[in-house]
Amino acid sequence: MAQNKLFQLATPFKPAGDQPKAIEALTEGLKKGFDRQTLLGVTGSGKTFTMANVISAYNKPTLVLAHNKTLAAQLAQEYREFFPNNAVHYFVSYYDYYQPEAYMPVTDTYIEKEAMINEEIDRLRHASTQALLTRKDVIIVASVSCIYGLGSPEEYEKVNIKLTEGMEISRGELVRKLIDVHFSRTNADIKPGTFRAVGNMLEVMPLNEKIIFRLEFEGGIIARIIRLDPITRAVKENGHTSVFIFPAKHFISNKDQNETALKTIKAELEERIKTLEKAGKMLEAERLKRRVKYDISMIREVGYTNGIENYSRHFSGKMPGEAPDTLLAYFPHRPATAAEKKAGLPDMVADFLTIVDESHVTVPQLNGMFAGDASRKETLVEHGFRLPSAKDNRPLKFNEFLERIGPMIYTSATPSDYERKGSQQIVEQVIRPTGLIDPEIVIKPVTGTVVNHAEKGAKNSAQNVAYPGQIHDFIEEAIATIKKGDRVMATTLTKKMAEDLSDFLKEKGIKAEYLHSDIKTMQRIEILTEFRRGAAVSKGGFDCLVGVNLLREGLDLPEVSLIGILDADKEGFLRSDTALIQTIGRAARNAAGRVILYADHMTGSLDRAIKETERRRTIQIAYNKEHSITPQTIKKAIHDITDQLRSEHDKAVYELLKVDEALAQSDPILLIRQKEEAMNEAVKVLDFETAALVRDEMLALQKRFGLEDKAKKKTSLGITSSKRRYK
């Protein structure tokens with residue numbers, strides 16, 4: 001263990017329940033050199049707090065892996081609260097939309113790659129890598145996208161620009177240096193990855209932080225370095241005499257590497273064409289020749305071509321089949337000991353901790369990434385759309401991932417056999433600090449029943465009231481729960497069912513929304529935030545969340561006291577014992593937690609899930625009785641974690657929507673007309689920035705109130721023509 005204390009926990013809470021035992025056991029396991037450990041922690045037992053204590057004790061940089069962006073954002077927020085004075089960063093895929101390049105031979109359909117990059121998430125990715133290269137007290141919360149190629153950390157670090165006051169460098173020379181590391185020049189508003197030259201000054205906004213560096217030159221010397229707020233332009237923290245500017249892209253290569261790469265691409269093309277022609281694939285050979293020659297021309301002329309990542313092996317100088325550099329390469333490494341070398345480890349071994357959150361889902365994702373990517377690339381190569389080297393632009397294989405990390409701790413309420421068998425130690429955390437016990441389970445039928453009162457010879461007998469079926473029963477239960485001020489959730493088997501149920505609940509007077517994988521990252525987080533706030537607190541809030549499997553792992557929703565699992569007896573992935581236990585756990589943060597399983601038959605998965613829940617309840621109830629503990633619902637502040645992901649433009653639009661909320665509710669069409677007029681006025685005076693803000697608010701209003709079709713049909717709102725006027 002390191003001696004200098006890098007990670008300082010900032011929290012008034014002390015470990016309680018099973019946490020002290022778990023922290024001690026896991027920390028001791030790290031001291032003993034255990035490579036793999038598992039924390040079997042029930043939902044709501046504070047696994048993140050336990051791991052924060054382990055990080056503090058282990059005192060080394062840490063990678064926290066999550067299986068989706070929403071969970072990663074939530075974990076990043078929690079770790080920031082635990083370690084406010086350390087570097088906690090968020091690293092996920094920067095695509096808001098991504099359609100990979102593909103070819104379907106059966107229908108002879110080629111699909112071009114389409115991608116929409118989220119600039120704010122790209123900035124956060126750069127902040128992650130730069131923190132790893134400049135600090136030791138770093139925690140990176142990442143999705144599994146971290147095992148995709150990222151570019152060499154050595155090249156990335158090598159070309160960073162260090163600027164100091166008094167440094168001899170002309171403004172023109174610095175401009176050329178910035179362009180070499182992929183910064184763009186602009187005469188408009190400066191944004192991350194751009195610079196602006198005005199007189200004897202140069203203003204640069206790096207990608208890793210929201211700050212503008214103003215460099216003032218006097219006679220070929222940097223006279224002053226001033227830090228400016230990008231919004232107010234106010235001077236921030238004067239007194240900095242030096243600054244580091246890292247490249248604006250992770251993939252960096254110099255001119256010599258570029259020339260070498262173009263030569264090897266040509267050589268590979270010639271060899272591949274011979275192979276295709278020998279096999280009688282003349283069409284494929286001609287297709288490939290045209291594609292690659294065009295790409296080479298574009299790279300030589302403008303330094304870029306669409307799909308340039310498919311040539312990454314040539315630019316990096318790696319051998320065919322060699323694993324790409326990923327985020328893992330940016331973490332610190334240390335020289336291997338004699339014993340480690342004898343065991344077959346490389347000369348440099350990973351010197352950081354890896355935590356795999358919700359490992360029963362995350363590990364299979366890590367394991368499956370390579371195969372899916374390889375299959376798609378193989379088809380492209382076979383039919384002449386790509387060179388064979390395109391297959392080297394890939395995620396890590398699972399064994400390559402394992403070779404590139406140090407000690408790893410799996411955390412899950414339901415670890416799989418892989419984690420259990422591969423761990424040198426399994427630590428249970430069943431007792432919650434709050435004394436909360438696993439929720440009560442109630443089993444009700446799926447199908448409704450009809451009672452013939454005449455045949456029964458009874459009038460208004462409670463025993464003869466017909467059972468309405470799972471949907472109507474859930475509605476009755478939900479209404480009663482919402483009246484108490486709590487929230488409810490329902491899980492369905494398909495996305496369509498989730499959407500339909502959400503609409504049906506609204507018709508019955510319940511404010512409900514659905515959540516599934518088709519919803520964008522930012523919107524998912526906003527939905528969860530408004531759900532926690534509830535309809536009684538927020539105008540945009542609601543009380544019932546309907547989903548498929550996004551409602552399972554890791555979502556921290558203490559306001560939820562009722563969950564309805566519809567069609568719980570449909571054996572399969574979404575109704576396996578693991579899925580059921582995880583879903584049941586969503587109600588475990590509330591003292592009144594209750595789960596209704598709607599089932600006509602007792603399946604094996606249902607039986608195992610119910611028995612495991614009862615086993616835990618027995619342990620928890622006994623502990624509470626012994627220690628005279630009364631369970632208390634978790635009280636947790638509601639943070640809008642979308643703030644860290646929104647660009648400044650999006651934040652401005654979001655604030656405008658909040659200001660106009662009252663009129664939006666009473667007369668949205670009138671508000672949209674007013675926004676159109678304001679937009680046109682801004683265009684007349686050439687204030688395009690204001691026009692863009694008003695336009696995007698208008699688009700958001702159209703979408704919110706279902707007015708997109710009217711806009712497209714050019715009704716009296718005239719929105720379509722207005723957009724064309726200033727685009």
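# Exercises on a predicted model

A search of the whole structure, which is a predicted model, finds 9 aromatic pairs.

## Exercise 1. An aromatic pair

Task: classify the pair formed by Phe-398 and Phe-401, and state where the two residues sit.

Solution. 
- Step 1. The ring centres of Phe-398 and Phe-401 are 6.1 Å apart, and the angle between the ring planes is 25°.
- Step 2. Planes under 30 degrees apart count as stacked, so the pair of Phe-398 and Phe-401 is stacked.
- Step 3. Both residues belong to helix H12 (residues 398-403); because they are 3 residues apart there, about one helical turn separates them.
- Step 4. Phe-398 has a relative accessible area of 13% and is buried. Phe-401 is buried as well, with a value of 1%.
- Step 5. The two phenylalanines also belong to one aromatic cluster, together with Tyr-410 and Tyr-418.

## Exercise 2. Helices H1 and H2

Task: describe how helix H1 (residues 19-31) packs on helix H2 (residues 47-58).

Solution. 
- Step 1. Two packed helices are described by the angle between their axes and the distance between the axes.
- Step 2. For H1 and H2 the angle is about 40° and the axes are 9 Å apart. H1 is therefore oblique to H2.
- Step 3. The crossing of H1 and H2 is right-handed.
- Step 4. On the H1 side, the contact uses Gln-19, Ala-22, Ile-23, Leu-26, Thr-27 and Leu-30. On the H2 side, Phe-49, Thr-50, Met-51, Asn-53, Val-54, Ala-57 and Tyr-58 take part.
- Step 5. Sorted by class, the residues of the contact of H1 with H2 are 9 nonpolar, 4 polar and no charged.

## Exercise 3. Helices H18 and H19

Task: repeat the analysis for helix H18 (residues 577-585) and H19.

Solution. 
- Step 1. The axes of H18 and H19 come within 8 Å and cross at roughly 45°. The two helices are therefore oblique to each other.
- Step 2. The crossing of H18 and H19 is right-handed.
- Step 3. H18 contributes Asp-577, Leu-580, Ile-581 and Ile-584 to the contact. H19 contributes Ser-605, Leu-606, Arg-608, Ala-609, Glu-612, Thr-613 and Arg-616.
- Step 4. The contact of H18 with H19 holds 5 nonpolar, 2 polar and 4 charged residues.

## Exercise 4. Positive phi

Task: locate Glu-358 and Ser-628, which have a positive phi, and decide whether each is buried or exposed.

Solution. 
- Step 1. Most residues other than glycine have a negative phi.
- Step 2. Glu-358, not a glycine, has a positive phi of about 50°. Glu-358 is in the loop between strand E18 (353-357) and helix H11 (359-382).
- Step 3. The relative accessibility of Glu-358 is 5%, and the residue counts as buried.
- Step 4. Ser-628 is not a glycine either, and its phi is positive at about 55°. Ser-628 lies in the loop between helix H19 (604-627) and helix H20 (648-659).
- Step 5. At 68% relative accessibility, Ser-628 counts as exposed.

## Exercise 5. The whole chain

Task: how many helices and strands does the chain have, and what percentage of its residues count as buried?

Solution. 
- Step 1. The chain has 25 helices and 26 strands.
- Step 2. Of its 727 residues, 52% count as buried.
- Step 3. Among contacts with a separation of 6 or more, 72% come from residues 24 or more positions apart.

Terms used
Residues are numbered from 1 along each chain as its sequence is written. This is a predicted model: local features need pLDDT of at least 70, side-chain atom pairs count only at pLDDT 80 or more; totals for chains, interfaces and linings use all residues. Side-chain values use heavy atoms; hydrogens and water are left out. Rings of Phe, Tyr and Trp (its six-membered ring) pair if their centres lie within 6.5 Å; planes under 30 degrees apart count as stacked, over 60 as edge-to-face and the rest as tilted. Helices (H or I, at least four residues) and strands (E, at least two) are DSSP runs, numbered from the N terminus. Buried means under 20% relative accessible area, exposed over 50%, partly exposed in between (1.4 Å probe, protein chains only). Axes are lines fitted to C-alpha atoms, for helices over the stretch in contact, and angles run from 0 to 180 degrees between N-to-C directions. Angles under 35 degrees count as roughly parallel, over 145 as roughly antiparallel, 65 to 115 as roughly perpendicular and the rest as oblique. A crossing is left-handed if the near helix is turned anticlockwise from the far one by less than a right angle, and right-handed if clockwise. Contact means heavy atoms within 4.5 Å. Ala, Val, Leu, Ile, Met, Phe, Trp, Tyr, Cys and Pro count as nonpolar, Asp, Glu, Lys and Arg as charged, and the others, Gly among them, as polar.
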